Amino acid sequence: MADVKEQVLSFIDKCEELKSCKFIMATTKIKDLLKCIVNCPELYRLFEAVTKDFDYPEVKSQCLVTYDDGVLPQNFVVLPKTLGHRLAFIFCLLVEFDKGTINFNDFLRQYFPEDGSYFASYRAFCNLVIKSLQECILQVFKEQLAEFNYNEPNAKTAEIISALDLAISQEIEFVSQSTLSQADKENGIKILLMLIAAVKDKNEELIDALICGYNYFALHLKCVSDGIAELIQLLEAFEKTL
């Protein structure tokens, strides 16, 4: 039987295969990833533990967010904050893709529209969901992997981008649920959506302009969330990697 390190690295490899495969092979690679969990006792026990008493329908309703500005509804994914819930949510979501209870193509088109192509949507999905899954697993088994240098040259940047995706999505949710006028909500959300795009494009000048604009927006309208300080810190850390 493979030891813990071998099991974890095998799983990480399956995640990498999923991230790098052609879109047409995605559902097959998702199936392979789930089989890897079943065949690796340590991973099986981990996912069994995090999904026990996990209210997937409730968490799912909080994570798959739709914002309707009265013109064109916008959908996005907000991953759970806690490691256990994040692992459980991603696992259950992948199971739904595998079983077909959620059509993967439709999901990408709805929550990761990007430029309208499945290729771009799939890349965006992997950058948020699958990268986060890898990071959680590496965090859980960091002691077992202590002697193994997994870190890629851009691993830190990828980790920050993943955290930024989550922080900005939560900020969008905060604005959409605020008492601001509909017009002000739309303006704030437009800034944040452009900020996500600027981060993905690594456009430092545009990031600076947008965060200044959003800062003014939040202070002027007295709509300051608890997470805005962390968001700014993440953006500063991200710009240091550019």
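Biologist: Is Tyr122 buried or exposed?
Modeller: Tyr122 has a relative accessible area of 0%. The cut-off for buried is under 20%. This is a predicted model, and in it Tyr122 therefore counts as buried.

Biologist: How many aromatic pairs does a search of the whole structure find?
Modeller: The search covers the whole structure. Its count of aromatic pairs is 17.

Biologist: What kind of pair do the rings of Phe23 and Tyr122 form?
Modeller: Their centres are 5.9 Å apart. Their planes meet at 65 degrees. Planes over 60 degrees apart count as edge-to-face. So the pair of Phe23 and Tyr122 is edge-to-face.

Biologist: How far apart in sequence are the parts that this pair ties together?
Modeller: Phe23 lies in the loop between helix 1 and helix 2. Tyr122 lies in helix 7, residues 118-140. The pair therefore ties together parts whose separation in sequence is 99 residues.

Biologist: Is Phe23 buried, partly exposed or exposed?
Modeller: Its relative accessible area is 21%. Buried needs under 20%, and exposed needs over 50%. So Phe23 is partly exposed.

Biologist: What kind of aromatic pair do Phe107 and Phe112 form?
Modeller: The rings lie 6.2 Å apart, centre to centre. Both Phe107 and Phe112 are buried. Ring pairs also link them into a cluster with others, including Tyr118 and Phe125. The angle between the planes of Phe107 and Phe112 is 50 degrees, and their pair is tilted.

Biologist: How is helix 1 oriented to helix 3?
Modeller: Helix 1 (residues 4-20) and helix 3 (residues 41-51) pack with their axes 8 Å apart. The angle is about 70 degrees. Angles of 65 to 115 degrees count as roughly perpendicular. So helix 1 and helix 3 are roughly perpendicular.

Biologist: Which residues in helix 3 meet Val4, Gln7 and Phe11?
Modeller: The contact residues of the two helices divide into four nonpolar, one polar and one charged. On the helix 3 side they are Pro41, Glu42 and Leu43.

Biologist: What is phi of Asp53 near?
Modeller: Most residues other than glycine have a negative phi. Asp53 sits in the loop between helix 3 and helix 4. It is exposed, with a relative accessible area of 74%. Its phi is positive, near 60 degrees.

Biologist: Where is Lys222?
Modeller: Lys222 is not a glycine, yet its phi is positive, about 55 degrees. Its relative accessible area is 77%, so it is exposed. Its place is the loop between helix 10 (204-220) and helix 11 (228-240).

Definitions and conventions:
Residues are numbered from 1 along each chain as its sequence is written. This is a predicted model: local features need pLDDT of at least 70, side-chain atom pairs count only at pLDDT 80 or more; totals for chains, interfaces and linings use all residues. Side-chain values use heavy atoms; hydrogens and water are left out. Axes are lines fitted to C-alpha atoms, for helices over the stretch in contact, and angles run from 0 to 180 degrees between N-to-C directions. Helices (H or I, at least four residues) and strands (E, at least two) are DSSP runs, numbered from the N terminus. Angles under 35 degrees count as roughly parallel, over 145 as roughly antiparallel, 65 to 115 as roughly perpendicular and the rest as oblique. Contact means heavy atoms within 4.5 Å. Ala, Val, Leu, Ile, Met, Phe, Trp, Tyr, Cys and Pro count as nonpolar, Asp, Glu, Lys and Arg as charged, and the others, Gly among them, as polar. Rings of Phe, Tyr and Trp (its six-membered ring) pair if their centres lie within 6.5 Å; planes under 30 degrees apart count as stacked, over 60 as edge-to-face and the rest as tilted. Buried means under 20% relative accessible area, exposed over 50%, partly exposed in between (1.4 Å probe, protein chains only).
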